[in-house]
Amino acid sequence: MTQQLRDLMLPGVALRQKGRHFEADIDSSSAAIQANAFYFSNPAWAQEYLDFCHRSETFRQRWGAACGDWTGKVVVDLGCGPGNVFATLGGKPSLLVGVDVAEGSLELAATQGYVALLADAAHVPLKSGCADIVAINASIHHCEDMRAVLQEAARLLKPGGTLVTDHDPQLSAWDYRGLAKLLWDLRLLV
């Protein structure tokens, strides 16, 4: 474990190294956490997601405008997946911690430069006020308690730090109109 990560850990937390990532205990591993861990650990899916998702110039510009350059900063990426945000934004953070529940994704994130940490995004084993930037990209809708994850993100931030999250892409799926709304409602008849 890097000394920088060790310095940020909450007292009494024991991490285990497994492959390229570290693991913390998840006290209440729910069915949802287990499903996300299984699905997002698929090596082929994780590699495809890393190669193609959130890699556009538009994404880079929008996230760059929202959080600025990561160089010299402590960044915690909650729900980091295989490391798309940093792979797209780049920079030279002083410490880049990626938190996820999926081992397969974390292994890829480690190859992108993350200190990869398997942990629950609602219960991150890092000290309060440790991060200059907390990023949550395309993951909050996978969390059972979104409020708890946002509160945890706020807890991790230094005073004056920056929390950057995207819209919840699943929310738009429920805002059907026209033909899409008709088809959605017809499913009830089937």
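This is a predicted model: local features need pLDDT of at least 70, side-chain atom pairs count only at pLDDT 80 or more; totals for chains, interfaces and linings use all residues.

Tutor: Residues are numbered from 1 along each chain as its sequence is written, and side-chain values use heavy atoms, with hydrogens and water left out.

Student: How many aromatic pairs are there by the rule for rings?

Tutor: A pair of aromatic rings is described by the distance of the centres and the angle of the planes. Rings of Phe, Tyr and Trp (its six-membered ring) pair if their centres lie within 6.5 Å; planes under 30 degrees apart count as stacked, over 60 as edge-to-face and the rest as tilted. By this rule there are seven aromatic pairs. One of them joins Tyr39 and Phe40 edge-to-face, at 4.9 Å centre to centre and 90° between the planes. Phe86 and Tyr114 have ring centres 6.1 Å apart and planes at 85°, so this pair is edge-to-face.

Student: Where do Phe86 and Tyr114 lie in the chain?

Tutor: Helices (H or I, at least four residues) and strands (E, at least two) are DSSP runs, numbered from the N terminus. Phe86 belongs to helix 5 (residues 84-89), and Tyr114 to the loop between helix 6 (103-112) and strand 5 (115-118); the pair links distant parts of the chain, 28 residues apart.

Student: Are Phe86 and Tyr114 buried or exposed?

Tutor: Buried means under 20% relative accessible area, exposed over 50%, and partly exposed in between (1.4 Å probe, protein chains only). Phe86 and Tyr114 are both buried. Phe40 is buried at 15%, while Tyr39 is partly exposed at 44% relative accessibility. Ring pairs also link Tyr39, Phe40, Trp45 and Tyr49 into a cluster. Phe38, in helix 2, is exposed, with a relative accessible area of 71%.

Student: Which side chain of opposite charge is nearest to Asp100?

Tutor: Lys and Arg count as positive and Asp and Glu as negative, with His and the chain ends not counted. A salt bridge is a side-chain nitrogen of Lys or Arg within 4 Å of a carboxyl oxygen of Asp or Glu. For Asp100 the nearest side chain of opposite charge is Lys18, 14 Å away, and Asp100 is buried yet has no salt bridge. Asp100 lies in strand 4 (residues 95-100). A polar atom of its side chain lies 3.2 Å from the backbone nitrogen of Ala102. Contact means heavy atoms within 4.5 Å; not counting residues up to four places away in sequence, Asp100 touches several residues, including Gly79, Cys80 and Leu106.

Student: Which residues of helix 3 are buried?

Tutor: An α-helix has 3.6 residues a turn, so residues three or four places apart point the same way. In helix 3 (residues 43-52), the buried residues are Ala46, Tyr49 and Leu50. Seen down the axis, they fall within an arc of 100°, so they line one face of helix 3; the arc is that of the directions from the helix axis to the C-beta atoms. Ala44, Glu48 and Phe52 are exposed on the other side.

Student: What do the buried residues of helix 3 pack against?

Tutor: They pack against helix 2 (31-40), helix 5 and helix 6. At the N-terminal end, Asn42 caps helix 3, with a side-chain oxygen 3.0 Å from the backbone nitrogen of Ala44.

Terms used. A polar contact is a pair of N or O atoms within 3.5 Å; within protein, one must be able to donate a hydrogen and the other to accept it, and residues adjacent in sequence count only if both atoms are side-chain atoms.
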